[in-house]
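This report goes through one protein model part by part. Please keep the sequence and the 3D view open while reading.

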Amino acid sequence: MTSLVKWILILFGLISVIANIVIVCLYSGRLPKCSSKPHHVFKGKHNERSAMFADLSAEEYLQVRDYMSNQKDLDISVNALTKPSGNFLFLIDLLLPRKADALGYLDNNKPKPVREATAVVFYGTLGHIKEYVVGPLPNTTYHRDVTVERYKEELPINARTVTIGEYALIFKFINEEVFTKLGQIMKESFDVSKEKTLNGFEGMPRGVKSGERQTWISFFRDLSGMYIHPVGLEVLINHESTNASLWSVKRLLYNGQYFDSVEDLIKQYDAGTVTKIVYKPVQNYASLKPKSKPTGLSPQQFYAQGKRFSVKNNHVMYLEWSFAFGLSSLTGMRVFDIRFKGERIVYELSVQEAMSVYGSITPGMILTKFLDSSIGIGRFAHELVRGVDCPYAATYIDTFRYIDVSAPHRFRNSICLFEHNTGRPLRRHFSDFFSNSYGGMVNSALVFRTITAIGNYDYLWDFIFYQSGSVETKVHATGYISSSFNVDGNLKYGHQVAENTIGNIHTHFINFKVDLDVLGVENVFQTKDMKFMNVSLPWMPERYAMVPQLVEAQLKTEKEAALRYDTKTPRYLHIASNRTNRWGHQRSYRLQVVSFTGDSLPETEPEEKSMSWARYKVAITKHKDSEQTSSSLYSQNNMWTPAVDFSKYIEDDESIENQDLVAWVTTGFLHIPHAEDIPNTVTVGNGGGVILRPHNYFDEDPSIHSPDGVYISPGSEGNCENNKMACLAEDACSPVVEPFTYNGFEGTMKFEE
């Protein structure tokens, strides 16, 4: 082949490639943009009455704040840096209406419940905490002290959470009384100087008995992901007094050795009787900056015919579903008035508490039991990152909160909502024998999500609505493990995951409130299971076989229905109505708990009262407006005499037959940290939840009426009438992409003006 021919062929090839690229680009440019307006026609309208469940608006928060601060007899400060010795308006949150009033308004045109708020004041000058009902909104005229009414006793001031104002004083105290006095040790052991410091992480509870406020603080290198960079220094400070000048250092732990005071450590360090920690730089193995340059995009989803859900104010409609939603600063995600095909199934589905119990030989972890609602679960719902935390095309919703601040904060895009193809069919069958056909349906569901970053851990909270009439609420954990310095004996409590770093064993227990109303508020609690029975064969009476048989029971009282984790529980748990479906079976919803929890804290431990809900996989109680939550803001810092002891909800052993029933469901997982938790714990396998599934509630699977069904028979493979997938190429469109923005750092905690 001559050189000329070779060059002609090469040129011809290049022209062909360029021509193909041009054609593809021109064709792609002609693709229509996907419609932003849904083709789906919604049944019914948004329920304006759902606004009674809506979180307080920024204006309402300000009205309550200003009203309370203007009551001269209360002498309240709204400055976020108020000292513990002052009186501080810590929290404003929506007061949920009484259930009977809410149902009357929703269903029977009864008067709209008065909109009110709860205000929590820490009275440092008086030594107690007060809770007030403040209302009405929007034009506030009254406040009422409801502390004793709610908790049957006054709340001591040391039951309060640590505020930003108290943290600022703690940081100042540590710097002056520990870091500065230990100057040489801090420099030689940890490279601390005026330019470099250490970060503290608290153990909780703060003491070993009621009234104490003594906190072990473990120190970590000042790096991103500090939680897995322990340095081997822990300090116990006594901050019981609201007067910071009376605080003191009680004990210190340095490289596994205890000291009675800062002076004691200095003396022994100088005398050479201490095994010294010698500082050396380390790579920040906790950094989440990718170690390989990001080079591509993961698969994305978009709405070819517009979104099939609609959000108006705090009300959502999706195919046959509708519900109202809110985000409590303390407990986090909650939804109300969940309806399917117009019938209410759930009155309230909400997060209640997230708890972790740790094991360690070092004091910062050895007693640690975190109760996150005492810090605020919903408080730390920051902006979600488009395309990572939620699909890029999701709908994002802002929230406002007032907790430990001077004014309400806006948290942009802190809730997301999206319809999601789970990647597996909801149902399907390929018929191979006799008549041939295929019938199936994509499992496309609506996901309602927020993510809360509480200290080191991030929790993903999902409420998922399926076209089969099922609702799932689940949680997944990610973020950083808590760790401690590797000293002798600590390997009994975890695995080494980095140099001098032990990932400490811990449990995750999550509690949900499930207030099911199955065809009304008069329900019963049923269990179903199986057992093998030795049965005579009807056609051969002399022969026997072990055959599984259905076992059913109806539990009558709250104590019977408190199903402990350490006992065998029936596999099927039902909230049932007294009405039957077409086939004569009671219409019900099943509680299917997905859980991998460790053991709950033994009841002999004095702190267990504050987490007594964790004893039970499921507990069923009669609904009471006075039993609104399973935990409280005060459980963490007064664990020994908690304001809310869930076990007392069960002690009166009331009847649960034909009553308005509430299920309290506990789920979670045991976490034994391992090397793959560095730098970050992944969500895979780290979660749990509860699925609410119809059980004889319908006469057939309601998804058979879904517009997503597919049916193929021989000869109709390309027919679009019963198979929209066959027409997908004709309906191709290019997605409308929103610009990427992120404002998540606006709502972070600040410890100075």
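T399 is found in strand β17. In this predicted model, T399 has a relative accessibility of 4%, which is under the 20% cut-off, so T399 counts as buried. Leaving out residues up to four places away in sequence, T399 touches L327, H409, R410, F411, S414 and I415.

The side chain of T399 also makes a polar contact of 2.7 Å with the side chain of R401. R401 in turn lies over the face of F411, at 3.8 Å from the ring centre. F411 is also among the residues that T399 touches.

## Disulfides

How many disulfides does a search of the whole structure find? The search finds two. A disulfide is a covalent bond between the sulfur atoms of two cysteines.

One of the two is formed by C390 and C416, whose sulfur atoms are 2.1 Å apart.

Another disulfide joins C720 to C727, with an S to S distance of 1.6 Å. C727 has a relative accessibility of 9%, so C727 counts as buried.

## Aromatic pairs

The structure holds 36 aromatic pairs. One of them is the stacked pair of Y167 and F171, with 6.0 Å from centre to centre and 25 degrees between the planes. Both residues lie in helix α5 (residues 164–179), four residues apart, which is about one turn of the helix. Are Y167 and F171 buried or partly exposed? Y167 is buried, with a relative accessible area of 15%, whereas F171 is partly exposed, with 41%.

F646 and W664 form a pair of another kind: the ring centres are 5.4 Å apart and the planes stand at 65 degrees, so the pair is edge-to-face. The pair links distant parts of the chain, 18 residues apart. F646 is in the loop between β31 (616–622) and α9 (647–651), and W664 is in strand β32 (residues 661–671). F646 counts as buried at 1% relative accessibility, and W664 is buried with a relative accessible area of 2%.

Ring pairs can also join into a group. Here they link W321, F323, F325, F340, F448, F463, F465, Y589, Y697 and F698 into a cluster.

## I481 in a loop

Where is I481 placed? I481 is in the loop between β21 (471–479) and β22 (483–485). Its relative accessible area is 0%, so I481 is buried.

Leaving aside neighbours within four places in sequence, I481 is in contact with residues from several stretches of numbering, including Y227, I228, N456, Y457, V497 and G503. H671, P673, D677, I678 and T681 are also in contact with I481. By comparison, V447 is 34 residues from I481 along the chain, and the C-alpha atoms of I481 and V447 are separated by 27 Å.

## Helix α3

Which residues of helix α3 (residues 99–107) are buried? They are K99, A102, L103, G104, Y105 and L106. What covers these buried residues includes the strands β14 (332–340), β15 (343–358) and β25 (506–516). Just after α3, N109 takes a positive phi of about 55 degrees.

## A recorded domain

An unreviewed UniProt entry lists residues 160–256 as "domain: Copper amine oxidase N3-terminal". In the model, the end C-alpha atoms of residues 160–256 lie 31 Å apart. The span is 25% helix and 30% strand.

Technical notes
Residues numbered from 1 in each chain as written. Predicted model: local features only at pLDDT ≥ 70, side-chain atom pairs only at ≥ 80, totals over all residues. Heavy atoms only, no water. Buried < 20%, exposed > 50% of the residue type's maximum accessible area, 1.4 Å probe, protein only. Helix = DSSP H or I, 4+ residues; strand = E, 2+ residues; numbered from the N terminus. Contact = heavy atoms within 4.5 Å. UniProt positions renumbered as here; feature names shortened; annotations may be inferred. Disulfide = S-S within 2.5 Å. Phe/Tyr/Trp six-rings, centres within 6.5 Å; stacked < 30°, edge-to-face > 60°. Lys NZ or Arg CZ within 6 Å of the ring centre and 35° of its normal. Polar contact = N/O pair within 3.5 Å; in protein donor to acceptor, adjacent residues only side chain to side chain.
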